[in-house]
Amino acid sequence: MVSPFAESPEFQRLLRREPPSDLIRIALEIARDAYPELEAERYLEKVESLALRIRDRCPAGAKPRQVLGQINWVLFVEEGYQGNVDDYYDPRNSYVNEVVDRKTGIPISLSVLYWTLAERLGLAMAGVNLPWHFMLRVGRADSTIFVDPFHGGVLLDREGCCRTVSGILGKPVELTDLQLAPCGHDQVVARMLRNLKAIYFRNHDFQTALSVQRRLAALNPNDGDEQRDLGMLCLQLDRPADAISPLQSYLESKPPDEDAEVVRALLRAARREVATWN
């Protein structure tokens, strides 16, 4: 049986939890779902060119703040990248090819680009999966530097992160150690996909949402809600055979009785429909 992600080898590596996965390659594989003609190597070459330009300006033994400063100068001053505050929910902001072409994006897509450049320069960064925002971090304990690529790569401490999220929510917020902790590639990819899912569901673009939801369900096989949403999408798109397995998985997750009753009825209907094909 051919894998549903046969054209996404880096995403498959992530599913198998085989480190290290290349985050920007995964982002480009996700983008290819929406842009089938996308030439990933062209964008990888652009990223490598940016990294080379920055590397040439970093002296041997440069400290993290020096490297971050050079990334910020090239990315946000010379290249003019910026957060898209005018049309935040444009789906193009979530696809890294569009981010590179248009030089604008949302926190997580700009962070993927920034993170990739840092890795190419030998600077070990990690994601910070904050509520309502996404940042990066480098260093440990009291020496941790937080980076906000959506706001021009500004460097922050813990209090600065709290102020940023407080400004977004319009009320004081105290972030916990867990919220500020490093997150892995799987959490980053899940957040990217959930952003796209929310946009396409809001726009009732269920056909485009299907490829996003397939990836989310594969990445989170034990999340009953993601399995349910995949099954419901398949039914919405008149694909009852594809709905059976995820709906069954949802029921096996022991959902609330009222939800389970509805899903069981839908599952029976899907099975009856498929049975008529034989």
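Helix H2 (23-34) and helix H9 (206-219) each supply at least two lining residues of the second largest pocket. Helices here are DSSP runs of H or I with at least four residues, numbered from the N terminus. The model is predicted: local features need pLDDT of at least 70, side-chain atom pairs count only at pLDDT 80 or more, and totals for chains, interfaces and linings use all residues. Residues are numbered from 1 along each chain as its sequence is written, and side-chain values use heavy atoms, with hydrogens and water left out.

**Pockets**

A pocket is an open set of points on a 1 Å grid over the protein atoms alone, where a 1.4 Å probe fits, with protein on both sides within 12 Å along at least five of seven lines; lining residues have an atom within 4 Å of a point. Volume is the space filled by probe spheres set on the points.

The second largest pocket holds about 320 Å³. Of its 15 lining residues, Pro-4, Asp-33, Ser-211, Arg-214 and Arg-215 are the closest to the centre. H9 gives the largest share, five residues.

The largest pocket has a volume of about 430 Å³. It is lined by 19 residues, and the closest to its centre are Tyr-88, Tyr-89, Trp-132, Arg-191 and Asn-195. H6 and H8 each supply at least two residues of this lining. The largest share, five residues, comes from H8.

**Helix packing**

The axes of H6 (residues 107-120) and H8 (residues 185-202) come within 10 Å and cross at roughly 150 degrees. That makes H6 roughly antiparallel (over 145 degrees) to H8. Ile-108, Val-112, Trp-115 and Glu-119 of H6 meet His-185, Val-188, Arg-191, Met-192 and Asn-195 of H8. By class, this contact has five nonpolar, two polar and two charged residues.

H6 also packs with H4 (residues 64-78), at an angle of about 130 degrees and with the axes 11 Å apart. H4 and H6 are therefore oblique to each other. Contact (heavy atoms within 4.5 Å) is made by Leu-68, Ile-71, Asn-72, Leu-75 and Phe-76 of H4 and by Leu-113, Tyr-114, Leu-117 and Ala-118 of H6. The H4 contact with H6 has eight nonpolar, one polar and no charged residues.

Terms used: Axes fitted to C-alpha atoms, helices over the stretch in contact; angles between N-to-C directions. Parallel < 35°, antiparallel > 145°, perpendicular 65-115°, else oblique. Nonpolar A, V, L, I, M, F, W, Y, C, P; charged D, E, K, R; others polar.
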